[in-house]
Amino acid sequence: MGGLTVAVQMDPLDSVNIDADSTFALMLEAQARGHRLYHYLPQHLSMLGKDRVYAKAHPVRVKRARGDHFAFGARETIDLAKVDVVLMRQDPPFDMAYITATHILEHVHPKTLVVNDPGHVRNAPEKLFVTHFPDLMPLTLITADRAEIDEFRRAHKDIIVKPLFGNGGAGVFRVKEDDENLGSLFEMFTQRSREPLMVQRYVPEVRSGDKRIILIDGKPAGAVLRVPAAGEARANLHVGGTAVKTALTDREREICARIGPELSKRGLIFVGIDVIGDYLTEINVTSPTGIQEIGRFDGTDLAALIWDAIEARRG
């Protein structure tokens, strides 16, 4: 395939950890394949009239050199209907700004291939999309009703409480039967937003790790186990979790086989799911991570596999 023009909608490049960031790995692979890269911030995405979608973007070159990992060209205004691929890779929160960006990018997709499909990203927030597979997930309550949360804790003793649209482990609390902080937590959450909370039965297998599995166009491609630090209920790497080499279990392959066709059908090419024990806990479609950690453990070049899938979709 000849070189593609690729616009990357993401956060500032100067804050990227080049040894962990999945978008950076995707950019390196795209560049190695001869694709031309542009970078722009979400706030530089605009729409004029019925169908002109454009961005103020910098041509960019990237390299694996700490502190000198990118070089911008002069900023240009690019018509996103005339580029080949847009990578929508800004980090959550999944707020109204994020949702608005998906609406705007729908005006150029699929003529311009947006990865992941913006309409289905909007309709598949991590903690809600998983509820379409209730037999695969821990028992879960979604509510803004304090009495319902109290009843759930009485029934299940040990629970996890988290914001419905949070990310990266922020705001995730384990609340045991005798914990006196549930009222304060509920007040804190409800003062910050009107959104319901997600409440789940605590899965003790999290002590052995939370497995991130990458699916590419619906097929499992690699995994990494994230083991929480002592005294921590969260396994996210940026809050002290440790990455450990792993392999897929039969149950995890069953989970992937169940959800994979739905992901592919929705144009969700690059997805990261989280599995604790036998349970699917999240389906991450906005800006999944983990491909560099997986590559270091098992040598799989997931960035190359993702670009193979993107190029196949481009035809």
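Aspartate 145 caps the N-terminal end of helix H5 (146–156): one of its side-chain oxygens lies 2.9 Å from the backbone nitrogen of alanine 147. Helices here are DSSP runs of H or I with at least four residues, strands are runs of E with at least two, and both are numbered from the N terminus. The model is a predicted one, with local features needing pLDDT of at least 70 and side-chain atom pairs counting only at pLDDT 80 or more, while totals for chains, interfaces and linings use all residues. Residues are numbered from 1 along each chain as its sequence is written, and side-chain values use heavy atoms, with hydrogens and water left out.

Staying with H5, its buried residues are Ile149, Phe152 and Arg153. Seen down the helix axis, these fall within an arc of 95°, so they line one face of H5; the arc is that of the directions from the helix axis to the C-beta atoms. Buried means under 20% relative accessible area, exposed means over 50%, and partly exposed is in between (1.4 Å probe, protein chains only). An α-helix has 3.6 residues a turn, so residues three or four places apart point the same way. The buried residues of H5 pack against strand S9 (140–143), S10, strand S11 (173–175), H6 and strand S12 (197–201), a contact being heavy atoms within 4.5 Å.

After H5 comes lysine 157, with a positive phi near 70°. Lysine 157 sits in the loop between H5 and strand S10 (159–163), and it is partly exposed, at a relative accessible area of 40%. Aspartate 217 also has a positive phi, about 50°, although it is not a glycine. Its place is the loop between strand S13 (210–216) and strand S14 (219–227).

Helix H1 (residues 22–32) has a cap too: a side-chain oxygen of aspartate 21 lies 3.0 Å from the backbone nitrogen of threonine 23, at the N-terminal end of the helix. H1 is mostly covered, with ten of its eleven residues buried. Among them are Phe24, Leu26, Met27 and Leu28, along with Glu29 and Gln31. Glycine 34, with a positive phi near 90°, follows H1.

Glutamine 292, in helix H8 (residues 291–298), touches Ile18, Asp19, Ala20, Asp21, Ala25 and Arg64, leaving aside residues up to four places away in sequence. A polar atom of the glutamine 292 side chain lies 2.9 Å from the backbone oxygen of isoleucine 18. Such a polar contact is a pair of N or O atoms within 3.5 Å; within protein, one must be able to donate a hydrogen and the other to accept it, and residues adjacent in sequence count only if both atoms are side-chain atoms. With a relative accessibility of 8%, glutamine 292 counts as buried.

Tyrosine 98 belongs to helix H2 and counts as buried, at 2% relative accessibility. Its side chain reaches the backbone oxygen of threonine 286 at 3.5 Å. From tyrosine 98 to histidine 120 it is 22 residues in sequence and 13 Å in space, C-alpha to C-alpha.

One runs from histidine 109 to proline 110, with omega near 10°, and proline 110 lies in the loop between H2 and strand S8 (113–115). Another joins valine 115 to asparagine 116, with omega near -5°; asparagine 116 is in the loop between S8 and helix H3 (118–122).

Helix H2 (96–105) and helix H6 (182–192) each supply at least two residues of the lining. The lining divides into eleven nonpolar, four polar and three charged residues.

Definitions and conventions. Ala, Val, Leu, Ile, Met, Phe, Trp, Tyr, Cys and Pro count as nonpolar, Asp, Glu, Lys and Arg as charged, and the others, Gly among them, as polar.
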